[in-house]
Amino acid sequence: MTNAIVRTIEPRAKDLGGGFRVRRVLPFHAQKMVGPFIFFDHFGPVDYAPGESFDVRPHPHIGLSTVTYLFEGAIRHQDSLGTDLVIRPGAVNWMTAGHGIVHSERTPAPEREAGQRMHGLQTWVALPITEEDCAPAFTHHSADSLPSFQKNGASIRVLAGEAWGYSSPVEFPWDILYIAIEAPDGASMILPASLAEERALYIVSGSARIDDETAEEGHMLVIAAGEDIAVEFLPGTKAVVCGGATMDGPRKIEWNFVASDTDKIEKAKQDWEASTKLHGTDRFPLVPGDEAEWIPLP
């Protein structure tokens, strides 16, 4: 382990049902969060034949924002606010749960008929304590709305926060960093300490070197704070850097719920059970157009 790298996290395989498997990186027993990032799943690449589909039935969230970013494929997002849209590669879906939201993620009809390859990242960022109970919201940021530029042979897209003078339009009430890097021909660059107080480099595909340590696909390197870090991306590598300021205290995470107080999670569990029995409540309403199914409390 180099002085530049605090910790290397290897992914754990998780089956989310229906044969849909992900590589889960956060939370990790020795690293619960990196900045506000409390959950980090890498799914695919996976091929769906015509007639096959990816379907996550309606389910609830509190205390967080979900962030979806795709490299390949398409996902139809529907939620209890009435949102209904399809996300495609390069765009960002940013759903803030606040005191409670319900959403589903499914294969859009054209891709369900024709088949598709799916590959992407699903991350959750914890809301600051003062915003945990805010009103739910959803914002779609198209690929052309997110800053994209070239640096030292790499293509960089700023998904959230600010990097090298480029700012994402994403609004989040905490200092955050989320950038996507692609180096088809290889690239070398410095990740400056000024990017964020806490930073982690995740290798989506390919590999990268920091000092004498090589990170392969699926590995997350938690980077030392306060240091400028030199990174060499080998040809064909895709990666993301995530992080931000240290959060305002620890968070509890259980199922789809994140909170600073265990009582908030217990109340959310009770309210979701009530919603499934009553077919919707004020806190956890039905998803318009997707009312027939839901995921029960484990």
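In what follows, a residue is called buried when its relative accessible area is under 20%, exposed when that area is over 50%, and partly exposed in between, with a 1.4 Å probe and protein chains only. The structure is a predicted model, in which local features need pLDDT of at least 70 and side-chain atom pairs count only at pLDDT 80 or more, while totals for chains, interfaces and linings use all residues. Residues are numbered from 1 along each chain as its sequence is written, and side-chain values use heavy atoms, with hydrogens and water left out.

Strand β10 (residues 101-106) has six of its six residues buried, so it is largely enclosed by the rest of the structure; strands here are DSSP runs of E of at least two residues, and helices are runs of H or I of at least four, both numbered from the N terminus. Both faces of β10 are covered, with Ile-101, His-103 and Glu-105 buried on one side and Val-102, Ser-104 and Arg-106 buried on the other. Strand β5 (residues 55-61) runs antiparallel to β10 and is joined to it by five bridges, where two strands pair if DSSP finds at least two bridges between them. Within this pairing, Val-56 has Glu-105 of β10 as its bridge partner. Strand β7 also pairs with β10 in the antiparallel sense, over four bridges.

Asp-79 belongs to strand β7 (residues 75-79) and stands opposite His-103 in β10. Asp-79 is buried yet has no salt bridge, the nearest side chain of opposite charge being that of Arg-76, 11 Å away; Lys and Arg count as positive and Asp and Glu as negative, whereas His and the chain ends are not counted, and a salt bridge is a side-chain nitrogen of Lys or Arg within 4 Å of a carboxyl oxygen of Asp or Glu. The side chain of Asp-79 does make polar contacts with the side chains of His-77, at 2.8 Å, and of Thr-83, at 3.0 Å. A polar contact is a pair of N or O atoms within 3.5 Å, of which, within protein, one must be able to donate a hydrogen and the other to accept it, and residues adjacent in sequence count only if both atoms are side-chain atoms.

Elsewhere, a search of the whole structure finds 17 salt bridges. One of them joins Arg-106 to Asp-55, with the closest N and O atoms 3.2 Å apart, and this pair links distant parts of the chain, since Arg-106 is in strand β10 and Asp-55 in strand β5, 51 residues apart. Arg-106 is buried, with a relative accessible area of 12%, whereas Asp-55 counts as partly exposed at 31% relative accessibility. Both residues are part of a network of salt bridges that links Asp-55, Arg-106, Arg-112, Asp-290 and Glu-293.

The structure also holds ten aromatic pairs, for which rings of Phe, Tyr and Trp (its six-membered ring) must have centres within 6.5 Å, with planes under 30 degrees apart counted as stacked, over 60 as edge-to-face and the rest as tilted. The rings of Phe-37 and Tyr-178 have their centres 5.1 Å apart and their planes at 65 degrees, so this pair is edge-to-face. Phe-37 lies in strand β4 (residues 37-48) and Tyr-178 in strand β17 (residues 176-183), so the pair ties together parts that are 141 residues apart in sequence.
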